[in-house]
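Please read the numbered points with the model in view.

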Amino acid sequence: MSHNSFGHLFRVTTWGESHGPALGCVVDGCPPGLRLTEADIQVWLDKRRPGQGKFVTQRQEPDTVRILSGVFEDDAVRARFGGQVTTGTPISLMIENVDQRSRDYSEIARAFRPGHADYAYFAKYGVRDYRGGGRASARETAARVAAGAVARKVIEGVGVRAAVVQIGPHAVDRGRWDWEETRNNPFWCPDAETVAVWEEHLEKTRKAGSSTGAIVEVEALGVPAGWGAPIYGKLDAELAAALMSINAAKGVEIGAGFASAAFSGEENADEMRMGAEGPLFLSNHAGGVLGGISTGAPVTARVAFKPTSSILTPRSSVDETGAELELRTKGRHDPCVGIRAVPVVEAMTACVLADAFLRHRAQTGRGPFVPGEI
């Protein structure tokens with residue numbers, strides 16, 4: 001069991017390494033008849049692509065995706081569906097690596113970088129690809145974003161969006177929150193006044209050869225009540241596991257998360273009233289999930305990302321022989337990995353919701369809550 005797959009009915013397997021010839025994924029379980037082209041996937045990969053500013057890694061990768069299987073188009077398909085569609089068979093997606101600089105890692109070929117997965121991989125497998133971290137590299141997340149683009153086709157009508165809400169010690173002001181602002185700055189920041197604060201903080205961090213952490217918040221709108229399952233198939237548990245699987249993620253909160261520990265029962269209970277299409281929640285401390293099942297309120301979560309351990313400051317470590325040494329990491333790295341994590345967080349959320357939708361439909365065949373329906 002290599003654990004390179006996630007999901008149940010909508011199942012994604014990723015493959016490839018940071019400095020290999022290519023990476024990609026296989027998406028199995030996607031329903032047939034969904035319009036899907038490479039352009040539908042590329043638009044999301046372009047959001048994650050490196051080299052788009054001085055505060056992210058300068059590795060120049062076009063991240064051009066190729067669909068190798070699982071779609072079809074001919075005259076009859078165009079007449080029926082309007083274009084290329086999924087066939088219900090595995091969708092294989094490939095993204096070539098074109099800007100590797102493996103020589104940057106020659107000095108750490110036998111040494112374990114502090115804070116990285118070098119030692120853990122070596123302890124488990126007895127061999128590791130040290131070039132860019134190999135399989136442990138955040139480069140792998142490009143495949144997740146590609147899979148997320150397919151997932152969005154499965155759950156059309158559900159909107160998934162994310163934003164960076166904190167970089168280092170500097171958090172956004174929720175009183176100034178505007179989702180449209182995330183389109184206007186390179187930090188996916190919903191608070192225009194915080195952008196300048198982050199720029200100053202990151203400029204100092206970058207020039208010092210250091211790094212800083214961040215928090216990303218995600219929101220899924222339009223998720224109907226009923227997705228998920230009690231006990232061992234909880235929607236929030238599946239979402240937390242998916243978000244925690246992202247490189248450098250060290251914490252996940254659903255809804256109010258850890259803040260709810262300070263609430264009273266009265267404060268925490270999301271009161272309800274009846275709306276035209278079903279119950280409406282007057283607050284959303286639960287993050288849109290109760291008992292592991294979606295409530296119809298927005299599904300919300302936050303992910304904390306650690307500072308990347310690729311820094312220029314020498315750190316004490318050891319090598320494969322047990323010899324002690326000091327290391328500084330060369331190469332091209334993000335001073336804040338949380339910035340480019342935004343489309344990855346969105347993609348993982350979309351994949352979890354696509355899987356939850358297909359499982360709900362397979363088990364119950366039921367749709368949204370209808371007043372008076374038994």
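1. Helix α4 gives the largest share of the lining of the second largest cavity, namely 4 residues. Helices here are DSSP runs of H or I with at least four residues, strands are runs of E with at least two, and both are numbered from the N terminus. Both α4 (141-154) and α9 (342-363) supply at least two residues of this lining.

2. The model is a predicted one, in which local features need pLDDT of at least 70 and side-chain atom pairs count only at pLDDT 80 or more, while totals for chains, interfaces and linings use all residues. Residues are numbered from 1 along each chain as its sequence is written, and side-chain values use heavy atoms, with hydrogens and water left out.

3. How many cavities of 30 Å³ or more does a search of the whole structure find? The search returns 2. A cavity is a set of points, on a 1 Å grid over the protein atoms alone, where a 1.4 Å probe fits but cannot get out; lining residues have an atom within 4 Å of a point. Grid points are joined across faces, edges and corners, and a volume is the space filled by probe spheres set on the points. The second largest cavity holds about 40 Å³ of space.

4. The residues lining the second largest cavity are W44, V145, G148, A149, R152, P343, E346 and A347. Sorted by class, this lining has 5 nonpolar, 1 polar and 2 charged residues. In this scheme Ala, Val, Leu, Ile, Met, Phe, Trp, Tyr, Cys and Pro count as nonpolar, Asp, Glu, Lys and Arg as charged, and the others, Gly among them, as polar.

5. Among the lining residues, R152 and E346 also form a salt bridge, with the closest N and O atoms 3.0 Å apart. E346 lies in helix α9 and R152 in helix α4, so this pair ties together parts that are 194 residues apart in sequence. A salt bridge is a side-chain nitrogen of Lys or Arg within 4 Å of a carboxyl oxygen of Asp or Glu. Both E346 and R152 are buried, where buried means under 20% relative accessible area, exposed over 50%, and partly exposed in between (1.4 Å probe, protein chains only).

6. The salt bridges of the structure come to 24 by this rule. One of them joins E203 to R206, with the closest N and O atoms 2.9 Å apart. These two residues are 3 residues apart in helix α5 (residues 192-207), and about one helical turn separates them. Is E203 buried or exposed? E203 counts as buried because its relative accessibility is 16%, whereas R206, at 34%, counts as partly exposed.

7. A further salt bridge is formed by E253 and R302, the closest N and O atoms being 3.0 Å apart. The pair links distant parts of the chain, since E253 is in strand β11 (residues 249-254) and R302 in strand β16 (residues 299-305), 49 residues apart. R302 has a relative accessibility of 15% and so counts as buried. Elsewhere, a network of salt bridges links R110, R113, D118, R128 and E320.

8. The aromatic pairs number 6. F112 and Y119 form an edge-to-face pair, 5.4 Å centre to centre with 75 degrees between the planes. Rings of Phe, Tyr and Trp (its six-membered ring) pair if their centres lie within 6.5 Å; planes under 30 degrees apart count as stacked, over 60 as edge-to-face and the rest as tilted. F112 is buried at 6% relative accessibility, while Y119 is exposed at 53%. F112, Y119 and F122 form one aromatic cluster.

9. Strand β8 (residues 159-167) pairs with strand β10 (residues 214-221) in the antiparallel sense over 8 bridges. Two strands pair if DSSP finds at least two bridges between them. Within this pairing, V164 stands opposite V216 in β10.

10. Strand β8 is also joined to strand β9 (residues 170-171) by 2 bridges, and these strands run antiparallel. I167 stands opposite H170 in β9. The hairpin of β8 and β9 has 2 residues between the strands, and there G168 takes a positive phi near 60 degrees.

Note on methods: 1 Å grid on protein atoms, 1.4 Å probe; cavity = no way out; pocket = protein on both sides within 12 Å on 5 of 7 lines; lining within 4 Å.
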